[in-house]
Amino acid sequence: MGSGLASLALASVTAGLLPGSAVAAEDSDLGGRDGYSAQIRRTEYGIPHVLAHDFRGLGYGYGYAFAQDNLCQLADEVVTLRGERSRWFGADANTPGGGGNLASDTYHQGLRRAGTVRKLLDRPAPIGPTEDLRRMVEGYAAGYNRYLRDTGVNGLPDASCRGKEWVGPITTEDLWNLIYEVNGNAGIGNVQDAIAAATPPGTTAPTAAVRTPKRPSDGAENGPDLGSNAWALGRDVTRDGHAMLLANPHLPWVGGHRFYQVQLTIPGVLDVSGAALYGTPVIEIGHTRDLAFTSTTSYADHGSLYRLALVPGDPTSYLVDGKPERMGRQDVPVTVRGADGSLSTVTRTLYTSRYGPVLADRDAGIPWTDTQAYAFRDANADNLRSMSEWLALDRAQSLAELKQAQDTYQGVPWSYTFATDVSGATYFTDASAVPHLTDEQLARCTVVPGHDLPEILDGSTTSCDWGSDPDAVVPGLFGPAAHPKLDRTDYVANSNNDPHFTNTAAPLGGYPDVYGTDPRLSPRAQLGLRMIADRRDGTDGLGAPGFTLSTLQAAMFGDREQSAEIARDDAVAMCRANPVLTAGDGSAVDVGRACEVLAAWNTRTDDTGHGAVLWQAFYLGLLGPNQVWKVPFDPARPLTTPRGLDGDSPDVRRALADAVRKLGRDGTALDATMGDVQRWAGIPLHGCGDATGCFNVVSGGPKSGSTGGSLPQPGTGARGSSFVMATELTPQGPRTRTVLTYGESVDPASPHYTDQTRLFARKQWVAERFTEAEIKASPALETTRLRG
């Protein structure tokens, strides 16, 4: 914000936040007794712009605005984090994430009883939260509670929790527990049920749906997988020399991993616009006047599985350097509601080791036997630093300030950082919390190599424990000097791949192997880099070379699919030469019609892409251990390999036959578009799944979104492109276009449940209102003043 505008806005705050002339469609003045003051100004699509004169007031306005749209979702998360799902919904029901209520409650009750989060709150910054962040969290809880008090549980607009006994006021501790939970999403968050299910051999193991920690992916409908695309474009690749940023996180469209779009302003102190995960008090993806930042899920491990060698005859003791150590144990009582409504108590026992909690999941190959057990150490086990760091980023105006914030807090839990500033420079780093394991340790200590899981390490020797760096803010992690990083004036980009090809002209190397050792590019990552190269050359059909804001938007929603672009013609040649193919069950399938559909298809996954569904079914059938390319991937040619689909391969021929049979059984037309089979509340969705190389990742079904965005029924979830932001930083201020694909509210009755989904379906964007003048000019402006 320029000094003149800042002075004007500050004067308005001093006089009561804003003069009455700023209010358009609605002017609500809500007095109260909380001692906070804020304004919520909603513009088109219900996007709130929260204005306050201090951090307590800012949190208050933010918490109130969020509760207006999504109180039921946050209330449900609070029940989970308090370990009370079994009390209200029964032990046999499942959590929204897919695990069992009793296992979830056991884990969360154990965490609360151990006082893990409270101990971190007792520490000063940077380990504990900054004072400004504490005030925001305090205000956020008070704002949420104010809305609930004003509205009443029986008057809530969302029927999913209206009048429910489990809805009530929240505390700051609830929010800190939510922040801690977010930080563990790529680590311990995926093994909570396995921790609760771990029992020594000879005892009855409780049944639990177990999720194990996996590397980035977009494959699950409602699972924990996290993914994104991120581009920071510098002055060398934009037509006017302005820095640009594309943020495109891929997360579930249901539950607590949704984004909420908001602008937060304290005149002269903070002015940031973007999006935040539900219930978090700061913006994690967004921009200030002169800086823009986003993230993608890091390829690094953010925790370690350790195999424990048990003391013979004692399955709850293990050996370290030849000496026995006894496991810690914690008895956790959980209140359970029976089918008749009566309450009883079930007590389970959690076990811990020097590395962290003991866990067991026989299906994942980590059982607790007479001779060995497994424990998980999470790099974010002591991390409440994340929100302090993002709040610092929300105030930053340059890459130098961003880097200083990251070095100070070292709190990013599990994502890469991409940023650019008004100078036209760009920056990439993996500054996330990563275990300090040297290459030598990984080679020597790995007892089971990692694939989807992190490597399993030898827990019987202290030589395999994490080390530390002198510049690390907490022990056990790599410090900033070891982080992969790259400064460029052309671009940095990533689609959940190893850091190596962040820029193909300057491959990264020399970082520890725990950050990733696979230079291969997934089809989506390869397509993203090709799209940048095509735009630089002007060969993508979008006009003269170089990015503009409009061509950046067009590239994002071009709905290109890498696998089709490099293999469709080979597939067509194969099927034209072999119009009858053998399916996996041995039957003969006529693929002649399918072959012509693919030949006529434009390889896009939007409403023009007749044949995209057929291609998805075909290509997904190719994913397996066998090589189907004549020329495999070559790191020396990252954008042109692999190539040459092998039409003589039995796997290729079988996959097409199976795809034709599948669509026939499903009653799906061979020339169906993606919008014919995936919808959100009935609205056709363009884009497709990650595995085939769609840049615009969207995965859903015909019934997705039909039951709301908070507590979905099976088959009604979706995932993929969520908050999409294209920003250009100019000397006159930022120019930004956004779309929140599922809207601001989880409530199907809200006008903001699908309003932006309809925009997304038409490939349209919201022109962001960032300055005071832009906000005041909104014809949809509605203002609520909160004060007490």
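Strands β18 and β21 (residues 485-488) pair in the antiparallel sense, with 4 bridges between them. In this predicted model, β18 also pairs with strand β17 (residues 415-421), again in the antiparallel sense over 4 bridges.

- Strand β18 spans residues 426-429, and both of its faces are covered.
- T426 and F428 are buried on one side, while Y427 and T429 are buried on the other.
- Y427 has a bridge partner in β21, namely D487.

**Cis peptide bonds**
- A125 and P126 are joined by a cis peptide bond with omega near 10°; P126 lies in the loop between α5 (116-121) and α6 (131-151).
- The peptide bond between T641 and P642 is cis, with omega about 5°; P642 is in the loop between β25 (629-631) and β26 (643-645).

- Y45 is not a glycine, yet its phi is positive, at about 65°.
- The loop between β2 (37-42) and β3 (48-51) holds Y45, which counts as partly exposed because its relative accessibility is 27%.
- T603, also a residue other than glycine, has a positive phi near 65°.
- T603 sits in the loop between α15 (592-600) and α16 (612-620).
- The relative accessibility of T603 is 10%, and the cut-off for buried is under 20%, so T603 counts as buried.

Conventions. Residues numbered from 1 in each chain as written. Predicted model: local features only at pLDDT ≥ 70, side-chain atom pairs only at ≥ 80, totals over all residues. Heavy atoms only, no water. Buried < 20%, exposed > 50% of the residue type's maximum accessible area, 1.4 Å probe, protein only. Helix = DSSP H or I, 4+ residues; strand = E, 2+ residues; numbered from the N terminus. Pairing = 2+ DSSP bridges.
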